[in-house]
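Here is a short briefing to read with the model open beside you.

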Amino acid sequence: NWQAFAPWWLFILLIVGILTLFLIIKFPEIVKSIISKLFSKENKFTNFIATKAISILDEIATFTNQGILFQVSGWMTLAWLFNIAWYAFLLTSFIENVTLLNAAFIMSVASLGVAIPSTPGYIGIFEGTVASAFALLAIDAEIGLAFAIAAHLVYFIITSTLGAFAL
């Protein structure tokens with residue numbers, strides 16, 4: 001039953017990504033050297049790629065300051081935990097036996113789906129990715145679509161309220 005392991009694979013992928021970023025931050029000169037060797041050909045495209053990649057590395061260097069790194073990581077973790085919590089809370093209205101791992105998986109898939117440039121407000125893309133996440137977990141896609149519409153509405157209310165408050 002591979003659906004039971006899908007959240008774990010996503011979690012492992014997340015950990016690998018975080019470790020990769022850590023190594024990039026810790027050893028930027030080695031990464032810059034690798035980029036320079038990979039894109040050393042004399043054409044505009046490879047020069048463009050190398051320049052942009054090195055520029056990104058220079059921006060990532062900000063995180064070598066441990067205070068900034070821990071502050072950003074802390075706020076990011078808090079935001080993800082909050083999102084997992086409200087996804088889990090909302091999921092209880094749609095399915096039985098909700099686990100935090102399933103809520104985290106559905107939220108992560110939705111986040112990956114809306115990372116792709118799409119329609120304003122992610123209308124359609126969000127619902128499709130959430131319904132797909134439900135299907136991957138062997139839960140009825142129609143229930144996933146209903147959850148996605150409700151979650152999108154809740155997300156809109158939360159962000160609109162916080163945005164109005166911030167103004």
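Helix α4 brings F82, W86, Y87, L90 and L91 to its meeting with α7, which answers with F147, A150, A151, V154, Y155 and I158. That contact is made of 11 nonpolar residues, with no polar and no charged ones. Please keep in mind that this is a predicted model, with a mean pLDDT of 85 for the protein.

**How α4 and α7 cross**
- Helix α4 covers residues 66-91, and its axis comes within 11 Å of the axis of α7, at a crossing angle of roughly 135°.
- This angle makes α4 oblique to α7, since the oblique class takes in what is left once angles over 145 are counted as roughly antiparallel and 65 to 115 as roughly perpendicular.
- The hand of the α4 and α7 crossing is right-handed.

**α1 against α5**
- Helix α1 (residues 6-26) packs on helix α5 (residues 100-114) with the two axes 9 Å apart and an angle of about 60° between them.
- The pair α1 and α5 is therefore oblique as well.
- Here the crossing is left-handed.
- On the α1 side you will find A6, P7, W8 and L10, and on the α5 side L101, N102, F105, S108, V109 and L112.
- Sorted by class, the α1 and α5 contact holds 8 nonpolar and 2 polar residues, and no charged ones.

**α2 against α3**
- The axes of α2 and α3 cross at roughly 175° and come within 10 Å.
- Helices α2 and α3 are therefore roughly antiparallel to each other, because an angle over 145 degrees falls in that class.
- From α2, the contact draws on P28, V31, K32, I35 and S36, while α3 supplies A50, A53, I54, L57 and D58.

**Salt bridges**
- How many salt bridges does the count come to? The count is 2 salt bridges.
- E29 and K32 join their side chains in a salt bridge, with 3.9 Å from N to O.
- Both residues lie in helix α2 (residues 28-38), and because E29 and K32 are 3 residues apart there, about one helical turn separates them.

- Of the residues in the protein, 96% reach a pLDDT of 70 or more.
- Confidence is highest in helix α7 (residues 141-166), with a mean of 91.
- Confidence is lowest in helix α3 (residues 44-60), where the mean is 80.

How values were computed
Residues are numbered from 1 along each chain as its sequence is written. Side-chain values use heavy atoms; hydrogens and water are left out. pLDDT is the predictor's confidence in each residue, from 0 to 100. Helices (H or I, at least four residues) and strands (E, at least two) are DSSP runs, numbered from the N terminus. Axes are lines fitted to C-alpha atoms, for helices over the stretch in contact, and angles run from 0 to 180 degrees between N-to-C directions. Angles under 35 degrees count as roughly parallel, over 145 as roughly antiparallel, 65 to 115 as roughly perpendicular and the rest as oblique. A crossing is left-handed if the near helix is turned anticlockwise from the far one by less than a right angle, and right-handed if clockwise. Contact means heavy atoms within 4.5 Å. Ala, Val, Leu, Ile, Met, Phe, Trp, Tyr, Cys and Pro count as nonpolar, Asp, Glu, Lys and Arg as charged, and the others, Gly among them, as polar. A salt bridge is a side-chain nitrogen of Lys or Arg within 4 Å of a carboxyl oxygen of Asp or Glu.
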